[in-house]
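Q: Can you walk me through this one? I have the sequence and the coordinates open.

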Amino acid sequence: MFERPDVGERAVLVHIDFTAHDGTEDPGEFRELVTSAGVEPVVTVTGSRKQPSPRFFVGEGKLEEIRDAVAANDADVVLFNHALSPRQERNIEHELKCRVLDRTGVILDIFAQRARTHEGKLQVELAQLEHMSTRLVRGWTHLERQKGGIGLRGPGETQLETDRRLLRERIKSIHKRLEKVRRQRNQGRRARQRADIPTVSLVGYTNAGKSTLFNRITTSSVYAADQLFATLDPTLRRLELPDIGPVVMADTVGFIRHLPHKLVEAFRATLEETTQATLLLHIIDSHDHRRDENIEQVEEVLAEIGADEIPMLQVFNKIDLLENFTPRVERNEEGIPVRAWVSAVTGEGLDGLFDAIVERVAEDVVHHFVLLGPEDGKLRALLHEAGSVLSEDHRDTGDTVVEVRLQNRDWQQLLSRAGVNEKSVRLDVGRA
């Protein structure tokens, strides 16, 4: 479709500091991104400006420096650690005579390489198509006008318009297929809720060690590597927690600074495992010099997808890289575990983390022996419908003692549907 140079293996990186803008990207992180994409960064061109140039993003002098770097290093592609407009990409490519990609393009390329499941591949294609739709003009500038005259009249639309229409149809088709995947995922989630199975979801900045920790806790074999976005598809594992029973753990895609909104939207079905979790484990690289900034970035994305109200336990990973650090669990003023320091590689602190997870999940689980009379038929029926009744004991008085265990929020919803005030619920004090 596009008449553009192919992406090669040798890349010139460009990083510009803008004095008029906050939130400058990290050149070191961008180099890791590029390496994760399987490309060899040969040189980094840096500079500073007050603001981007509308035409080339950089000044003409800096553009000449980039051109010299491409020639001197026999580079195939120029990668910008910034978001470029379609016009800027087109202009720079025209001047440099080689392929140009911005930060979003690099992230999309990594996602395309890492997607393994059908859902992951659909989400990557959707993000790519939506990114590509704004850049169509560069491939079809030679077909901008319809031809006229006898024998040359077209079907009524230019090739560019035809291509845009085909893209829109493909995007619409992928949205429908992802909606089907989302419904299937919701069915599985509802089944877990009916069976009263809590979900613990691992979130965190990319390369914080989520998959390594996930493998340690669940003894599974999820792909884990010291690279950005090693995990793309969500992975679910079931394990048993003492006093809690079965729990589902979910390993999710890592977040990154200034993650493009289109990617957040495209991966909504994956991130729903996060929004519906009972407890979030926020995995943090304790050795990263931008640790505090990474925490802020993750919390911003969690707020964006509506998961900022879910109970969270911060897990500071990689303490084996810190000098003379002892693993520990920190509690808030109410005595609730809020922070654990561990090493997923050596296993240090995992026992304390496990206990903290049990404690945090248990605090959201209601386990009652409820006394129900003949007039409480609606509440009894709803409890059975939710699959939360563990046992029943019928008494000579006509009352029934029902043992129930379910999430506290589900318990509150059931009471509301039954029109029952929680204070009026009778509990078997001897067994509660």
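Strands, helices and their contacts

A: Histidine 282 sits in strand β8 (residues 279-285); helices (H or I, at least four residues) and strands (E, at least two) are DSSP runs, numbered from the N terminus. This is a predicted model, where local features need pLDDT of at least 70 and side-chain atom pairs count only at pLDDT 80 or more, while totals for chains, interfaces and linings use all residues. Residues are numbered from 1 along each chain as its sequence is written, and side-chain values use heavy atoms, with hydrogens and water left out.

Q: Is histidine 282 buried or exposed?
A: Histidine 282 is buried because its relative accessible area is 1%. Buried means under 20% relative accessible area, exposed over 50%, and partly exposed in between (1.4 Å probe, protein chains only).

Q: What is histidine 282 in contact with, leaving aside neighbours within four places in sequence?
A: With that exclusion, histidine 282 contacts Val203, Gly204, Ile295, Val298, Met312, Leu313, Gln314 and Val315. Contact means heavy atoms within 4.5 Å.

Q: Next, asparagine 317. Which strand is that in?
A: Asparagine 317 belongs to strand β9 (residues 312-317). It counts as buried because its relative accessibility is 2%.

Q: What does the side chain of asparagine 317 reach?
A: The backbone oxygen of alanine 208, at 3.2 Å.

Q: Switching to valine 247. Buried or exposed?
A: Valine 247 is buried, given a relative accessible area of 1%, and lies in strand β7 (residues 245-251). Leaving aside neighbours within four places in sequence, valine 247 contacts Ile197, Pro198, Val200, Arg237, Arg238, Leu239 and Leu241. Valine 247 and threonine 278 are 31 residues apart in sequence and 9.8 Å apart in space, C-alpha to C-alpha.

Q: Now helix packing. How do α2 and α3 cross?
A: The axes of α2 (residues 60-72) and α3 (residues 86-96) come within 10 Å and cross at roughly 55°. Axes are lines fitted to C-alpha atoms, for helices over the stretch in contact, and angles run from 0 to 180 degrees between N-to-C directions. The two helices, α2 and α3, are therefore oblique to each other; angles under 35 degrees count as roughly parallel, over 145 as roughly antiparallel, 65 to 115 as roughly perpendicular and the rest as oblique.

Q: Which residues make the contact between α2 and α3?
A: Leu63, Ile66 and Arg67 of α2, with Ile92, Glu95 and Leu96 of α3. They divide into 4 nonpolar, no polar and 2 charged. Ala, Val, Leu, Ile, Met, Phe, Trp, Tyr, Cys and Pro count as nonpolar, Asp, Glu, Lys and Arg as charged, and the others, Gly among them, as polar.

Q: What do the buried residues of α3 pack against?
A: They pack against α2, β3 (77-80) and β4 (99-101). The buried residues of α3 are Gln88, Glu89, Asn91, Ile92, Glu93 and Leu96. Lysine 97 follows α3 and has a positive phi, near 60°.

Q: And α7 with α11, how do those cross?
A: The axes of α7 (residues 210-218) and α11 (residues 350-362) come within 12 Å and cross at roughly 80°, so α7 and α11 are roughly perpendicular to each other. Leu213, Arg216 and Ile217 of α7 meet Leu350, Leu353, Phe354 and Ile357 of α11.

Q: Last one: how many helices and strands in the chain?
A: The chain has 13 helices and 15 strands. Buried residues make up 50% of its 432 residues.

Conventions
A polar contact is a pair of N or O atoms within 3.5 Å; within protein, one must be able to donate a hydrogen and the other to accept it, and residues adjacent in sequence count only if both atoms are side-chain atoms.
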